[in-house]
Structure formats: structure tokens, C-alpha cells
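Please review the following briefing alongside the sequence and the model.

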Amino acid sequence: MNLLLLTPEQHLGNDRWLLSDRQANHVLKVLKLIEGDQVRAGIFQGGMGIAHIESINNNRIEVLFKVEHQSPSPLGLSVLLALPRPKMLKRILIDATSLGIKQIVLINSWKVDKSYWQTPNLKADLLHEKMLLGLEQARDTTLPTLTLAPRFRPFVEDELDGWAGNSQRILAHPGNYPAMPHSLTGPVTLAIGPEGGWTDYEIEMLGKQGFQCHSFGSRILRVETALPALVGRLMQLP
């Protein structure tokens, strides 16, 4: 936890805020702070600054905090991601959020096991929790917009173009394709398939929406490895 992410429910009035039990435990047992110490904090979907520990009463901690600056600039990258295995999904959402990605679509693919869409890990509160961990890790306050698209064709035909907007559209796929571009500065939408890759039909459908295939070498990577590697290749982190 590199940032105390404060929510409106924690506001006590004026500049006073009450830490959650989890935040208080971290302050006391991990950071080992005492009254008068300082720690970085931010308001969920708002600005950031320094929180001053005003009082500690057992596990109840009140801090003084006011916004001093805005959260980091978002990464100019949106990700269209074939739904990964449930256990992998949790790590990927944390990583994607910490990298500054602000638009994510989890989409179906022919090679995605149907059972993945039935997992409890897709519950909204659990997805929200993982993205909050990514914000705390990266010292950010702005949550990504996460969309679930369990039907591939309707989303690609009816919604993808508007969602991707005026961006360069790149489809990561192994094969005899141009090398993945690098150091891009404009908005980019990146499509990452399942570990077995997109099917020919899916590539064709995405191609009709302006996506162009690019290769990232001959190695077949796990999605959790491919995502940060591709982001580092395509763009410079803000």
C-alpha cells in the first residue's frame, strides 16, 4: 500500500479523515507510524497530497488531509483482453491498473473456457477490490472503466469502434506480421488474445474494425507476462 486511498465515507468534516481498519493496520504494523508522522494519501477519483496523523486511539486513526495536486496522468492505452483464467485475472487487473490503463474490456474468445464466465471472481465488488489494490500500488486515485463483453461478435460489431475511438488499433498475435511498434505517443487500443491466440475468424472481425496484427516475437507468453511487456514496448509510462 503506497497510498492511503480515502473515500467520501471516511470524511469526518473539514480536513479530518478516519482511516479504515485495513489502512490503520498498515499504518501501525507495516509503516510503524506514530502521531505527527506523515503519509501519502489521495481521494478516490480525486486529488492527492500528504496526510498528517492527528490521533491514534487503539486501531482508530484520524488524519488531517487536503488535496495538493492531481493524480498521475493516465496511460494513453486501452486494452481489449480475452478473458483470462480466473486466478490470473486478479493479478492482471492489479497490474493493468497500476500501469495507468483506464479503459479495459474483458471479451469472450473461442479459446476462452466457458466456465471462466461463471467464476465468482467476475463479481463487480471483487473486480473493484483488485483495481483498488492497483491504485494503491501505483499511487493513483482514478479507477479504470471495466467492461465485460461475454459475446464477442455483438461487442465487436456494435460497440468496439465507439469504445476504441480515435486510436491506433493494434492486435497482438504471433506469426509473420510486422514487429510491434514502440514508443507511441498517441492514443492506442491493444487487443490481447488468449494464450492460444485469436482464431482466424476473430482476427478477421477485429481487422474490419481497423485492428492490424503485429508480432511480439516467437515466444508464446502467458497473458500476465505479455501485458506489461507489451505496454513497456508500446508506450512510455507517465
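The structure holds 1 cavity of 30 Å³ or more; a cavity is a set of points on a 1 Å grid over the protein atoms alone where a 1.4 Å probe fits but cannot get out. This is a predicted model, in which local features need pLDDT of at least 70 and side-chain atom pairs count only at pLDDT 80 or more, while totals for chains, interfaces and linings use all residues. Residues are numbered from 1 along each chain as its sequence is written, and side-chain values use heavy atoms, with hydrogens and water left out.

**Cavity**
- The volume of the largest cavity is about 40 Å³, counted as the space filled by probe spheres set on the grid points.
- Its lining (residues with an atom within 4 Å of a point) consists of Val79, Leu81, Ile92, Leu93, Ala96, Ile104 and Leu227.
- Strand 7 (77-82) and helix 2 (86-98) each give two or more residues to this lining, and helix 2 has the largest share, 3 residues.

**His214**
- His214 belongs to strand 12 (residues 212-214).
- At 10% relative accessibility, His214 counts as buried (under 20% relative accessible area, 1.4 Å probe, protein chains only).
- Beyond four places in sequence, its contacts (heavy atoms within 4.5 Å) include His173, Tyr177 and Met180.

- An open sheet of mixed pairing has 6 strands in the order 1-4-5-6-3-2; strands pair if DSSP finds at least two bridges between them.
- Strand 1 (4-6) and strand 2 (11-13) stand at the edges, each with a single partner strand.
- Strand 2 runs antiparallel to strand 3 (residues 16-18), joined by 2 bridges; Gly13 has Arg16 as its bridge partner in strand 3.

Terms used:
On a 1 Å grid over the protein atoms alone, a cavity is a set of points where a 1.4 Å probe fits but cannot get out, and a pocket is an open set with protein on both sides within 12 Å along at least five of seven lines; lining residues have an atom within 4 Å of a point. Helices (H or I, at least four residues) and strands (E, at least two) are DSSP runs, numbered from the N terminus. Buried means under 20% relative accessible area, exposed over 50%, partly exposed in between (1.4 Å probe, protein chains only).
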